[in-house]
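Have the sequence and the 3D view open, and take it one heading at a time.

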Amino acid sequence: MNLMDIAEASLLAPYELDTSKLDRVFDHLVGPKTDLADLYFQSKRSEGWVLEDSIIKSGSYNINQGVGVRAVSGEKSGFAYSDEISMEALLASAKSASAISKAGQDGRVKSWHRQDAFKALYTPENPLDTLTEVEKIALLQLADTTARSASPYVEQVIANVVASHDTILVADHNGHLSADVRPMVRMSVTVIIEKDGKRESAGCGGGGRYGLNYFTEADRIKGYVDEAVRQALLKLEAVDAPMGEQVVVLGNGWPGVLLHEAVGHGLEGDFNRKGTSAFSGRVGEQVASKGVTVVDNGTMADRRGSLTIDDEGVPTQCTTLIEDGVLKGYMQDKMNAGLMGEKSTGNGRRESYDSLPMPRMTNTYMLGGEHDPQEILSSVKNGLYAVNFGGGQVDITSGKFVFSASEAYLIEDGKVTKPVKGATLIGNGPEIMNRIGMIGNDLELDGGIGVCGKAGQSVPVGVGQPTLRVDGMTVGGTAG
Amino acid sequence: MTIQSKKDDLIALTQFVLAEAKKQGATSAEVGISRGDGLSVDVRMAEIDKLEYHRDQGIGLTVYFDKAQGAASSGDLSEAAIRDAVRAACNIARFTSEDDCLGLADAELMATHLPDLDLYHPWELSAEEAIETAISCEQTARDHDSRITNSDGASLSTYSGLNAYANSHGFAAVRASSSHSLSCSVIANEANGEGMQRDHWYTSSRVAGRLDSAESVGRTAAEKTLERLDARKLSNREVPVMYIPQLASSLFGHYKSAISGGSLYRKASFLVDSLGSKVFPEFIRLSEQPFIPQGARSAAYDGEGVATQERDLVTDGIVQTYLLSSYSARKMGLQTTGHASGVHNLTVDSTGQSYEEMLALMDKGLLLTGLIGSGINGITGDYSRGATGFWVENGKIQYPVEEITIAGNLKDMFANIVAVGNDWDDRISTRTGSVLVEKMMVSGE
């Protein structure tokens with residue numbers, strides 16, 4: 001069965017819906033002034049298990065299903081949704097959503113086209129069925145025993161594994177029918193350690209659009225555990241972080257959260273259409289140091305941030321945002337692209353059927369440069385080497401962004417020395433991008449744990465970068 | 001359908017779930033069901049941006065097979081879907097481990113007195129009225145000053161619904177509540193034409209008639225935004241920091257996390273074994289009032305049906321209670337404190353100063369008006385966050401500051417609170433005035 005067949009079989013057929021019935025919904029939804037209208041059907045199942053105190057403490061199963069109905073006229077969006085998929089609910093939602101642009105009688109869809117020629121970036125197999133319950137639990141038990149044997153100081157291990165299977169179908173006013181079946185797995189391990197009366201905690205995890213057997217391969221669980229234990233032990237020895245402006249070397253991989261905050265959000269189409277981003281109206285300008293190339297790439301196989309099609313039925317692509325320091329373009333959904341005279345870049349995403357789509361990132365990363373990471377570190381007289389981060393946040397209007405270093409070291413005379421306590425780093429996105437002094441040749445993407453929040457909606461994303469030297473960023477430490 | 005018959009329906013559904021759980025072999029079970037609807041309108045540059053109709057429903061249930069548990073949730077409240085959800089939860093319980101601390105809260109702790117807390121005031125608001133109000137709010141902000149050049153818009157939203165909870169002790173209750181809010185966010189240009197600043201303001205209430213006027217929300221949003229213009233960085237310094245009430249509540253939020261059962265039984269808190277010890281200065285009293293009519297967090301029972309009660313969390317600076325659910329209480333050999341769903345309205349006693357008197361008391365230091373990021377280590381209490389605010393000298397605001405961080409350790413910050421103002425913000429569930437902390441490290445250029 002192709003994706004469209006799967007989606008129709010689970011989202012339309014059981015509710016006695018077909019394209020002729022959808023025609024009637026569009027009759028009520030679309031009017032002469034409607035630029036865009038769509039129906040988003042979704043059925044998602046997820047399951048999670050938690051281990052703590054060396055026992056399987058809890059498990060949960062979640063069913064999330066419904067339909068979102070949207071009509072767009074110019075800059076106006078009308079939206080309604082229902083947790084129930086039925087003709088009655090669709091018609092009621094269409095009536096509400098069409099209130100922004102009085103619907104007329106010319107809304108009938110001319111003909112329906114099944115958009116099913118896309119090459120899927122992941123398998124439609126249901127990850128919940130890829131392991132038995134006993135095997136799922138064994139993943140967590142392995143994390144627990146591995147952690148407890150990794151270090152005598154491990155006091156507590158909390159491990160969880162989550163799998164979800166998400167089937168969507170988008171029907172739009174042009175008669176396009178698109179479908180996707182999206183698997184996702186994620187595992188995380190947190191350890192609490194105690195040594196000489198001092199306690200610390202750290203976590204690590206990963207995942208992607210795979211089956212759960214992803215975690216039985218390549219010693220992945222041991223990798224997560226060893227990393228969590230290593231980071232927690234390191235924190236015990238950490239000295240106070242320095243304060244004030246420092247040269248900061250950022251490690252490769254997950255520290256790409258810097259790009260996500262410093263430039264990624266500021267390059268989302270909606271903020272730029274409204275002129276509220278620090279990057280508004282700057283396409284063609286030098287906005288970053290030479291050598292800096294940043295892309296948003298939704299097309300990478302099996303990655304957490306990847307999508308075969310976005311939530312408006314548009315295939316994802318690799319969009320160059322910044323090339324050799326010059327701003328090339330924005331990430332767009334259909335509505336904002338239309339208003340700005342551009343084409344959707346396949347970045348129209350929504351948390352679920354009960355939320356409106358908007359331009360969102362997929363996997364956002366900076367391409368590698370020419371410098372060996374060691375060469376970058378030894379070029380710094382005194383500074384901070386930040387290799388792991390918690391979360392970040394940005395005010396896209398002022399450009400100010402922060403992120404919290406969870407693993408960082410002092411650089412003294414070109415050498416990495418003492419670990420320092422967690423500290424917030426703060427900067428101005430457009431400024432920081434012009435202070436990138438050296439770019440490493442070691443591009444890496446994160447392990448598959450990123451969640452991005454915008455306007456109350458969370459979506460899975462990927463980040464990445466090579467080792468970078470930023471020549472001046474404020475570090476929120478306490479050591480003068 | 002009257003509100004009473006809607007309530008009866010939800011209660012009947014909870015009983016169906018409990019019966020189904022029993023039928024499928026569960027020794028006990030608990031269930032929460034919610035249903036509600038709302039309307040939200042976003043306008044921007046005097047036009048509708050989004051018009052959203054919300055209609056939410058959901059069920060969350062946990063089944064226990066002796067001392068093992070399984071949980072499930074669903075947005076579908078049909079009997080067939082509920083049966084499936086119960087089946088999924090029961091299946092999970094077959095694979096989870098036995099844990100003596102699991103289970104319902106003890107039967108004798110269930111709330112028996114369920115006063116009407118006056119939380120339900122639905123607003124019959126048409127889309128047209130909502131749009132008109134939001135536009136006038138935004139217009140006031142945009143007309144306020146020529147430096148306001150752009151807008152993130154204004155939003156008006158209303159929501160009302162029901163929440164039912166029942167468990168197999170025979171406890172079953174449903175509460176109706178509403179919430180309404182109006183917010184506005186505008187953008188001003190720096191004098192040099194280079195940068196932009198944005199700020200916002202909002203009003204919220206359970207009763208539409210108690211919202212601040214659209215004009216006052218718009219005006220305040222504009223004033224807040226203009227105040228941010230031409231902000232500077234600060235050099236590194238150790239200075240007193242005054243948190244405005246909206247941010248002071250976050251300090252007490254960190255305190256609540258640190259004394260919550262989940263952090264304590266894992267020993268993942270900087271306040272382990274703090275019961276009876278002095279964490280704040282003597283003048284600090286934190287008290288919980290769950291029964292405030294129309295209160296943002298008012299409730300007569302917690303998420304396990306346990307009766308809430310008025311109590312001090314802190315008296316004379318000394319920790320009076322932890323915040324425990326039945327599970328974390330059993331893990332610690334204690335009894336639940338009725339905090340399975342957090343603290344129900346917290347009041348921080350003031351030391352009597354007005355906002356201006358607080359500034360005068362600080363004399364020279366940082367007035368903190370914005371925090372960004374979440375650099376807090378709950379185990380050690382280490383604290384480092386991005387900040388915006390104003391530099392204050394001689395008790396008077398000098399200029400706005402940005403792109404700085406403030407850092408310290410929460411234990412020290414709690415112990416070094418100098419004063420709590422009487423400039424309460426009634427919108428937030430923690431009733432506190434401004435809080436002056438004796439000293440923190442400010443990092444800038």
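## Two helices in chain B

In this predicted model, helix 3 (residues 127-143) and helix 4 (residues 214-227) of chain B have axes that come within 7 Å and cross at roughly 35°. Axes here are lines fitted to C-alpha atoms, for helices over the stretch in contact, with angles running from 0 to 180 degrees between N-to-C directions. Helices (H or I, at least four residues) and strands (E, at least two) are DSSP runs, numbered from the N terminus.

Which residues make the contact? Helix 3 of chain B brings Thr133(B), Ser136(B), Cys137(B), Glu138(B), Gln139(B), Thr140(B) and Ala141(B), while helix 4 of chain B brings Ala214(B), Glu215(B), Val217(B), Gly218(B), Arg219(B), Ala221(B) and Ala222(B). Contact means C-beta atoms, placed from the backbone, within 7 Å. By class, that's six nonpolar, five polar and three charged residues. Ala, Val, Leu, Ile, Met, Phe, Trp, Tyr, Cys and Pro count as nonpolar, Asp, Glu, Lys and Arg as charged, and the others, Gly among them, as polar.

## The domains of chain B

Chain B splits into domain 1 (3-227) and domain 2 (231-445), with bounds from an automatic or database domain assignment. Their centres, taken over C-alpha atoms, are 25 Å apart. Where they touch, domain 1 of chain B puts in 22 residues and domain 2 of chain B puts in 18.

On the domain 1 side, strand 4 (148-167) and strand 6 (196-205) of chain B each supply at least two residues. That side has 15 nonpolar, four polar and three charged residues.

## Over to chain A

Chain A holds 10 helices and 23 strands. Helix 4 (residues 133-150) and helix 5 (residues 220-236) of chain A have axes that come within 9 Å and cross at roughly 40°. This crossing is right-handed too. Among the residues that meet here are Leu139(A) and Leu142(A) of helix 4 and Ile221(A) and Lys222(A) of helix 5. The contact counts nine nonpolar, one polar and two charged residues.

## How to read it

Residues are numbered from 1 along each chain as its sequence is written, and chains are lettered from A and ligands numbered from 1 in the order in which they are written. Since the model is predicted, local features need pLDDT of at least 70 and side-chain atom pairs count only at pLDDT 80 or more, while totals for chains, interfaces and linings use all residues.

Key. Two residues are in contact if their C-beta atoms, placed from the backbone, lie within 7 Å. A crossing is left-handed if the near helix is turned anticlockwise from the far one by less than a right angle, and right-handed if clockwise.
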